[in-house]
Amino acid sequence: MRKLIITCTLILFSSFTFAESVARFQYNFTLESMMSGEYVAEMNCEVRQVLQWGNAVNVFKCTNLIDDNVFLMKGINGVIGYSYQKNVAYTKYYLGGANGLVSTLLKKLGVEEKILGAGMAEFYFYESSPRLGSTETIINLDNDDALILNMSDVYYLN
């Protein structure tokens, strides 16, 4: 009887300790220069995100459709949480700053401008599909330009 109680306790404890959820989804977006109207990037990214408190690890495997360059972006700064209003888990990625989504992308593309101001990319993980918090935002650069971030086509991958 004692072994049964110990076994049940270990199973219960380990399920809380090691429980995690991994979101795997496709995320497509473009970056367009407001001054020239040219696309800086047309990105298709496969994203893997661990949704666990204190362990929000993420990896973006991206292809820039402009030049077919494929690369990884790891450890993008963001926050995970749970929206009680929407009754769903979410991730919000910072766009600028150290390890921000767009600042990291610009480094990978060899663009040297710094981001002066940018918002966040928000993903809500519903059972049927992930959804974006918004589909467009503006990123102010340290030169005389700004970038339009257009986000689309977010869906779960098998």
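**Strand pairing in the sheet**

In strand β11, I148 is the bridge partner of I138. Strands and helices are DSSP runs numbered from the N terminus, with strands (E) of at least two residues and helices (H or I) of at least four. The model is predicted, so local features need pLDDT of at least 70 and side-chain atom pairs count only at pLDDT 80 or more, while totals for chains, interfaces and linings use all residues. Residues are numbered from 1 along each chain as its sequence is written, and side-chain values use heavy atoms, with hydrogens and water left out.

Strands β10 and β11 run antiparallel and are joined by five bridges; a hairpin through four residues connects β10 to β11. Two strands are taken to pair if DSSP finds at least two bridges between them. Strand β11 also pairs with β1, again in the antiparallel sense, over eight bridges. Here F25 has Y156 in β11 as its bridge partner.

Strand β3, residues 58-64, is antiparallel to β4 and joined to it by six bridges. Opposite C62 stands F71 in β4.

The open sheet consists of seven strands with antiparallel pairing, in the order β4-β3-β2-β1-β11-β10-β7. Its edge strands, β4 (69-74) and β7 (115-117), each pair on one side only. From one strand to the next the twist averages 30°.

Helix α2 (residues 101-108) packs on this sheet and touches β1, β2, β3, β4, β7, β10 and β11, contact meaning heavy atoms within 4.5 Å. The direction of helix α2 makes about 140° with that of β4. Axes are lines fitted to C-alpha atoms, for helices over the stretch in contact, and angles between N-to-C directions run from 0 to 180 degrees.
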